[in-house]
Amino acid sequence: MELREFNNQVHPPPDYPSPHGSQHSLRLRTVPAQDTNANQFDWASPAEDAEDSNEPRNLRELPLHMGLKKAVWQVQQMRVPVVSSSWNIKQSQTFRRFCEVVKYILSYFVLWKRGIQRIGGHFGGGVQSYFLFLRFLVILNFLSSLLIAAFVLIPSIVFRSMNLNSTIAPTVNLTDEEICLQYDPKPGVLPVFYTYFLDLVSGTGFMEYSYLFYGYYNNSVIESNSFSYNIPLAYLLTAAFYFLFCLICTIIRMGDTARLVVVTGGGAVGGYSMLVFTGWDHGLQGNRATKLKQNNLRHRLQVDLEEERLKKKSASLTLGQTVSLYTLRVFLNLVVLILIGATFYGIAKATQFSQSMNPTGFMGLLLQYLPSMVITASNFVVPLLCDKIALLEKYSPSTTVILALLRAVFLRLVSLGVLLYTLWEQITCKGDISNENCKPCHYYYDQYKCWETRVGQEMYKLTLFDFLITIATLILVEFPRRIVVDHCSCKLTQLVGRQEFLVAPNVLALVYSQTVVWTGALFCPLLPFINTIKFILFYYCKKITLFQNCQPATRNFRSTTSNFFFLLVLLFGWALSSVVLLYSVAKIHPSYGCGPFRLNSAMWDVVPGAVKMLNHTSEEFLFYIGSQKFSIPLFIFSCVLLCYVSALTSVHGKSVTLLKSQCKLEQRDKQFLVRQIEELNAKVQKEQREPQQPQRETKPLNHTATQWNQHYNYAFEPDEEPRPY
């Protein structure tokens, strides 16, 4: 049976007149006339003759199986001849299967893959994002530890064991600075047993003179059998590459997140429909997780409705009410600034008092941890007070959460900056080298015989104290709270409930810990390795407390840009620590009695000295890279590249906006067609119920169909070319 006869039987000719006599339906209106051999396809026909040929344009009507239809469609789309051998097909299939097997095998080596999937299945993607961020920091610190160990730690251990140390010639005059060379942190007598514990948690004693801190490394160059290794240069360049590596990893991850934000339009799409139809997490397991997710969705809808109510209320405020509201907000912001300022003042005074006192024993340990205690307590108490104050400011719920997070970020990072500034004031006598305390050694030698090690000890104590506080909170607060809530039926305990796992404050705590590590990496080279172990223990502790003690928060940071915000805060922490690194390398005089830069006027002096030892060609090349002839074109090229990337991002954003508008137009067209079908069905049913009347001469159907309720519909346009929206 021919294809035309088959179509005539399936789609009989209509009774009403039509200007397109051979077209049987709207779906077939764009199909050209078929001939008797329509089920044949000429594989060798050129693509340019496709418009004038008798080839079928609608593959749905071809009586062919799906595989052959797919092949025909691929040829029509790609417009290439099908010339392929079975050997090439088998080779491509084998390579594809090999790649799938390799990916499947490598998936078993992904850190904490099943555990994080289980967390996402029970508590949703919000809580899972915290553990993904934690895994990123663990991998980052581990790779950084390998970098430092390969170029600094292992060479120093090997050269010390082989006694291959040769000191670099001093670049400063030591005639007047002989007193500054005295530095002996080794204990003179046999210490008591419990002092080992005190030294372990404070970084003093046997810990101070070890590979953990800056002061233990030598300023030596190893030369043996045409082999040369400069330990000071390796120490400085490793720190620089460590910071550069962390910056590159953070930017790459931010790029992936930003790409998702651009695609989704910053989370500004969907509204209620997106929350209702796509808000459910189908990976949830268990009744408890399902009920919590339902509560979360209900709370998000409440937040949206509350924001709409507040917007309408703010729009209806009178002038006097608006002035009083803004006056209240200004007053509360002043209260917040006073609290933060008092916190900074307390951190500065605690640091000065801790550095000026030198007691021993347990009291000395408390004084050494006094700045860490003040910083940790302020980071816990002040954000809680700021959250309560933010509720009185009468902002929308999302604005309240964002404002609280910004205040917490400012408090954490600036408190660390206040600690570093206080240490700088004491080390450099407030920048006055001519001061009596700093005149002989260019730094406060009486109190800081090896100031780099002292700064490293402060960062070490902050890292260790943060870990101890987390463990103590888990054991002494969260477990007892869960036991009381589960076994006590009084209204107060049921009102308090279990501990909520707040994603945003936990992520900011990780950012703060990583900033501390970056700040102290120059003065405590093994701090990234310590932080790796700390974050690994954090994962298991947080996982235990999540499944045993906590429940997901019903009030989340409701935005698709949350991950980008956290990475941006991490980048701010990197910038703060980079300022500390650059200033310490370029401006502050190194200690005379310790470290790999003990005989230099600045840490950076090692680099020009190492460049002068190279051959003439390498020296000229490095000087050319550092000259204006290279830096200015590089800067111009970077600006051009940045403008191109910015323009490309803008184009992608406009494309996404255009696609969204097209989707909205398609939705409106579908709604219009549904209403039209309902109207036609109602009209047909009405005509069937009424007695038959003599037919009247009417206009063609396509004329009445193209206009409906005084609106023009392009879907019923008889032209072949589709019209744009």
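Colleague: How do α13 and α15 lie to each other, roughly parallel or roughly antiparallel?
Modeller: The two axes come within 9 Å and cross at roughly 155°. Axes are lines fitted to C-alpha atoms, for helices over the stretch in contact, and angles run from 0 to 180 degrees between N-to-C directions. Under 35 degrees counts as roughly parallel, over 145 as roughly antiparallel, 65 to 115 as roughly perpendicular and the rest as oblique. So α13 and α15 are roughly antiparallel.

Colleague: What does the protein chain average in pLDDT?
Modeller: This is a predicted model, where local features need pLDDT of at least 70, side-chain atom pairs count only at pLDDT 80 or more, and totals for chains, interfaces and linings use all residues. Residues are numbered from 1 along each chain as its sequence is written, and side-chain values use heavy atoms, leaving out hydrogens and water. pLDDT is the predictor's confidence in each residue, from 0 to 100. In the protein chain, 75% of the residues score at least 70, and the average is 76.

Colleague: In which helix is confidence highest?
Modeller: Helices (H or I, at least four residues) and strands (E, at least two) are DSSP runs, numbered from the N terminus. Confidence is lowest in helix α21, residues 701–705, at a mean of 45. The highest mean is 91, over residues 527–548, in helix α16.

Colleague: What share of the residues in the protein chain is buried?
Modeller: The protein chain has 21 helices and 6 strands. Buried means under 20% relative accessible area, exposed over 50% and partly exposed in between (1.4 Å probe, protein chains only). Of the 725 residues, the buried share is 37%.

Colleague: Which residues of α15 does α13 meet?
Modeller: From α13 come M459, L462, T463 and D466. By class, the contact has 5 nonpolar, 4 polar and 1 charged residues. Ala, Val, Leu, Ile, Met, Phe, Trp, Tyr, Cys and Pro count as nonpolar, Asp, Glu, Lys and Arg as charged, and the others, Gly among them, as polar. From α15 come Y512, S513, V516, V517, T519 and G520.

Colleague: Is the crossing of α15 past α16 left-handed or right-handed?
Modeller: Helix α15 (residues 503–520) packs on α16 at about 165°, with the axes 10 Å apart. That angle makes the two roughly antiparallel. A crossing is left-handed if the near helix is turned anticlockwise from the far one by less than a right angle, and right-handed if clockwise. For α15 and α16, the crossing is right-handed.

Colleague: Is S513 buried or exposed?
Modeller: S513 is found in helix α15. Beyond four places in sequence, its contacts are D466, K534 and F535. Its relative accessibility is 2%, so S513 counts as buried.

Colleague: How are α11 and α13 set to each other, roughly parallel or oblique?
Modeller: Helix α11 (residues 370–392) and helix α13 (residues 451–487) pack at about 50°, with axes 9 Å apart. P371, S372, M373, I375 and T376 in α11 meet E458, K461, L462, F465 and I469 in α13. The contact holds 6 nonpolar, 2 polar and 2 charged residues. At this angle, α11 and α13 are oblique.

Colleague: What is the phi of W112?
Modeller: Most residues other than glycine have a negative phi. W112 sits in the loop between α3 (86–107) and α4 (113–161). It is buried, with a relative accessible area of 12%. W112 is not a glycine, yet its phi is positive, at about 55°.

Colleague: Where does H442 lie?
Modeller: H442 is another residue other than glycine with a positive phi, near 70°. At 29% relative accessibility, H442 is partly exposed. Its place is the loop between α12 (397–427) and α13.

Technical notes
Contact means heavy atoms within 4.5 Å.
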